[in-house]
Amino acid sequence: MKRSKYRLPLSQRIYLIAILKGMGITARHFFTNLLRPGRMPNVGYPEKRRNYSPRFRGLQILTVKPNGEIRCTACMLCATACPADCIHITAAEHPNPEVEKFPKEFNIDMLRCVFCGMCEEACPVDAIRMGTRYELANFERNQFIYTKDDLMRAGNYTQSRVTRP
Amino acid sequence: MPALAKEKQILLRHIDTPNLSQISVYEEVGGYQAAKKAYGMEPANIIEDVKASGLRGRGGAGFPTGMKWGFVPQNTGKPIYLLCNADESEPGCFKDRVIIEKNPHAIIEGILIAARAINSHKSYIYIRGEYAKGARILQMAIDEAYQRGFLGKNILGTGFDLDLVLHRGAGAYICGEETGLISSLEGKKGQPKLKPPFPAVSGYLGCPTVVNNVETLSTLPWILAHGGKTYATYGTEKSAGTRLFCLSGWVNKPGVYELELGTPLRVLIDELGGGLKDGATLKAVIPGGSSTPPLTPAEVAEATLDFECMAKYGSFLGAGGVIVIPEHVSLLKILETISEFYWDESCGQCTPCREGTGWLFRILKHLHEGRGTSTDIEDLKKTAGNMMGTTICALADAAAMPVLGFLKKFPDEFYAALREREGQ
Amino acid sequence: MSTDVAVKKVSVTIDDKKVEVTPDKTVFQAAVEAGIFVPHYCYHPDLSIAGVCRMCLVEVDNAPKLQISCNTPVRDGMVVRTSSDKARQAQKGSLELHLINHPVDCPICDKAGECKLQDFYREFGLYKSRVELEDKVHKPKAKDIGTIVLDAERCILCTRCTRFTHEVTHTDELVIVNRGNRSELKTYDDGPLRNDYTGNLADICPVGALTARDFRFQQRVWFLEKKNSVCTMCARGCNTTVSVNPKTKKLYRVEPRRNPEVNKSWICDTGRWRYHYVYGESRLRTPEKISDGRVLESTWHQAFGEMKRALEDPSGIVIGLSTQLTNEEILELVLSFKESGVKHFVRIVDEQVIEERSPWDGVLKHRDHTPNAEGFARMFSMMNTKFLDCAGLAALVGEGNLRHAWFFGLEGEDVSWASRFVEALPEGVSLTLHATSRLPIWERAQWLLPAASAFEKSGTMVNALGRLQRLQAAIPRVSLARDGHAVAFGVQRGADRDAAPEARHVDLFEKLIAAPLLGREQVWKKLDPMGVALKERS
């Protein structure tokens, strides 16, 4: 087997130079952040929060009609479309014959939800929308099942669901 | 061909004789002689005679009467029924009414002859509910005929039994359709039946049945008396004989006129009808009742009243209801009225007619009210096209054809209605 | 049906496919035989021809006018095209006319997923609607007519339901009033339906105009899976499909399966809606021992142990078998107990009905509410064993040696005919009941063992017409319920340590039942889903 005649030049054989180059990059970042903190890509959460676009997919909201009743007609298209199988609906007869069908129960298991937005796309009557709330951490597993009332109020941020043990 | 002189007329010759509806008067002018002759003939010969006459059904379809009679099977063991269709409901037609009210015995005599020909011993006259006066007169005539032995058991001493019952309808256009009539007579909803099986094979109560129009039956006495070949000398080759035409609309002398088939339409409108009222200009003529497509003035000038010529112009002779439309009448309104009629009268059994007539009416109503949209004309054409040829009976065709006819021959008026709205 | 004289068949070409049919058939039926689907609404194989929907329009022999295939008789050499441009255009036009006044109810309509309007729209339609919503004709909405909800606005007036109440039940309750597009479906007196077959109306309605109140809003049909089985509420044995949600494994509805020899396309309301006992309050879920008037929850282990001990003196035991058990269960229980020395077997059935000359109701129902009386007799004759009736049981009691009575396989909440057998037992006899439901007539029992219902077990049964039909389990056993096979297995061992073998019925059927009943070998899986007619019992 022939041996390669090529040899690295001295400047590259001396490892120290490579080390210094690397440290230079680190130093450059260090001083940039030190002297011009506004250019850091970090967001100082929780004091500052990122601004998300209006299309951001967070916790679902169940919309209401002008008379305050839920708009959803329990057609179950969202439950069918959901890839995570996290929506569970029980339909019931509505006392108003013009409405006829409405959901008695509408539960979303947020531990399963992947926030894909398929439910919002599937809904034919614009009854479910992906809202903007994403701070959903909790201590109890059963607190992650959001019921119909929770989802109807989900637009209201001041409601906190955290229950400390 | 000029207008037919009174002496040469077949159906209306004696119509002005006072009290013609009484049997004694009717017999004086020669009534019931043809029936007596028919009962001395073999049924097959009667059918041959009628076939030779070229008589075609006068109810609207124009089917050769002799041929229709020939379809009746004689060996089924079931009774054969003869039904007289007096449910004249086509808008623009009022000819049967004249015969019913003024000359009812002609119908009875015609029934006698037809019953002999097809070997029927039970016959019904189905008269439209609105003809209350006609029903009274006809019932009196039937009672007289029974008294004189022309109906009932052993009529004319021939050993032939014939019962005739008058049945009144209740105000549905669809009962003028032969299977609709049969359904109504059976006591069911007057909804047409599927064909096959055809009424000649399985009609009223599943028995062989022949349905003939009043005018057709009233022509039979003359044919039997003078011979079928003589009848064929009247009219044209394919449209033999004479028929009654109902002239209405914007003319000076509307009414029922008897003309030879093949007479130019101008003769009817100008000579007999006295031309348009107040010197108005002609815009369109509907030649055969509301279900037939209209004729343009140019076509009216050339048209003759027979089956072939009407077919040439894309229309039909129909039931002879000639409606004259002047320049100042909106075709939109006319078509809307016609469509409303069919929407109201559709029996609702099959989907294309039930939904289509409603949709056509809706669109035309919008157009007339100035609410039309740009796709409306296309929608009308498409819907009417979808209705034609796809239904159980011809009511859907009858509703669709005027729409297509008006749109084809008078598109400007309809498009103008659209443009008006879009311009607003 | 074949006759002695061979009927000359005619040859018809449909969509370039040649098919031979008898001359009394219509083009539609010929297309069905050729495997070609023609869209339709008003045609139904078990009702008369109406020809009102005008969807099955096809081109026949180059004629300019399209014909409806359901009413056009075949002719030798006929050429038919069902999917040519002209035919498809007509079908699409007819579909559009069906939809112009149809309400947009899909989200709230139960028929979604099995609605023929939806299906045909997807296959043949896909056009944009040209009608404004406010222009649509409005009719009365959801009206309760007993077991069915009638929504007149959704009705497409196909007249299947009016023909059904006229031709099948002869009750003529449904009528169409008014004419034109004001036509409306309603009951003739605006009152409820009054016949035993109302559930079939929801099946035959192609849209959501007639829906079952029992199933209203319960499930979306695409969540359900169907399994073939047989009804066990009477001796007709109507073929069924059972709809189960595979995720929750819960049963949601029972529908008839078409079998021209048994039930055509129909099933009675009892067979359709009585399944609720499976999940009802009265369902037995654990073995219960009753002593000194107190009910104690117990275990199968204890039950088996006691029964095994009692078997040490088999002459004092009488085994009662309900005619609701499958053939395999009967076989296994009898053979197993005979091996242990038991001699007395009683048939628990409605004895009055068994002797009736014409126990049918004129449509479907048989007055014997048990499905397998015929199979019971055949199994016992096959095993050369005699069984006692109620009088025989009383005589046996009279002899005075009876200590235990064990009755197996009592199913459902309506087993009143079994009370005679229970009452025939005197105080000193200990009664063990293997039943699905806890009922007041069981108050006398000492042991209540939960039985698997007909939806939870598999096996074969023979109906009153002598037809061998196959039952298939659709749902897992509810709680601790067990079928006859598991009970026989446990009693033999006297303990509940080992699991009973699964699919025991397959083994029993293939090895012991198929040959004597059918006269040939038969693999369980391949048994005809329409059943097999057996020869008359000699």
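## Helices and strands of chain A

Helices and strands are runs assigned by DSSP, a helix being a run of H or I with at least four residues and a strand a run of E with at least two, and both are numbered from the N terminus. In chain A of this predicted model, the secondary structure comes to five helices and five strands, and their order along the sequence is α-α-β-α-β-β-α-β-β-α.

## How the model is described

Residues are numbered from 1 along each chain as its sequence is written, while chains are lettered from A and ligands numbered from 1 in the order in which they are written. Because this is a predicted model, local features need pLDDT of at least 70 and side-chain atom pairs count only at pLDDT 80 or more, whereas totals for chains, interfaces and linings use all residues, and side-chain values use heavy atoms, with hydrogens and water left out.

## Overall form of chains A and B

The radius of gyration is taken over C-alpha atoms, and the globule rule used for comparison is 2.2 Å times the number of residues to the power 0.38. The C-alpha atoms of chain A fill a box of roughly 90 × 50 × 35 Å along the principal axes. Of its 165 residues, 28% count as buried, where buried means under 20% relative accessible area, exposed means over 50%, and partly exposed lies in between (1.4 Å probe, protein chains only).

Chain B contains 18 helices and nine strands. Its radius of gyration of 22 Å is close to the 22 Å given by the globule rule for 424 residues, so chain B is as compact as a globular protein of that length. The C-alpha trace of chain B spans about 75 × 45 × 35 Å along its principal axes, and 61% of the 424 residues count as buried.

A contact means heavy atoms within 4.5 Å. Among contacts in chain A between residues at least 6 apart in sequence, 62% join residues at least 24 apart, and in chain B residues 24 or more positions apart account for 71% of the contacts with a separation of 6 or more.

## Where chain C meets chain B

In this interface, 32 residues of chain C are in contact with 31 residues of chain B. The area buried between the two chains is about 2700 Å², of which carbon and sulfur atoms give 48%; buried area is the accessible area (1.4 Å probe) that two parts lose on being put together, summed over both. On the side of chain C, the residues that lose the most area to chain B are C:Leu97, C:Arg130 and C:Arg179, together 27% of what that side buries.

A salt bridge is a side-chain nitrogen of Lys or Arg within 4 Å of a carboxyl oxygen of Asp or Glu. The rule finds two salt bridges across the interface of chain C and chain B, and the side chains of B:Asp344 and C:Arg182 meet in a salt bridge at 3.4 Å, N to O. Helix 2 (residues 85–99) of chain C gives the most to the side of chain C that touches chain B, with six residues.

## Where chain C meets chain A

Here twelve residues of chain C are in contact with 15 residues of chain A, and the two chains bury about 1100 Å² between them, 59% of it on carbon and sulfur atoms. In chain C, C:Pro107, C:Ile108 and C:Phe217 lose the most area to chain A, together 48% of what that side buries. The rule finds four salt bridges across this interface, and the side chains of A:Glu100 and C:Arg154 meet in a salt bridge at 3.5 Å, N to O.

## Backbone details

A cis peptide bond joins A:Tyr45 and A:Pro46, with omega about 5°, and A:Pro46 is found in the loop between helix 2 (15–35) and strand 1 (60–62) of chain A. In chain B, the peptide bond from B:Pro196 to B:Pro197 is cis, with omega near 0°, and B:Pro197 lies in the loop between helix 8 (178–185) and strand 5 (209–213).

In chain C, C:Asp16 has a positive phi of about 65° although it is not a glycine. C:Asp16 lies in the loop between strand 1 (10–14) and strand 2 (17–21), and at 76% relative accessibility C:Asp16 counts as exposed.
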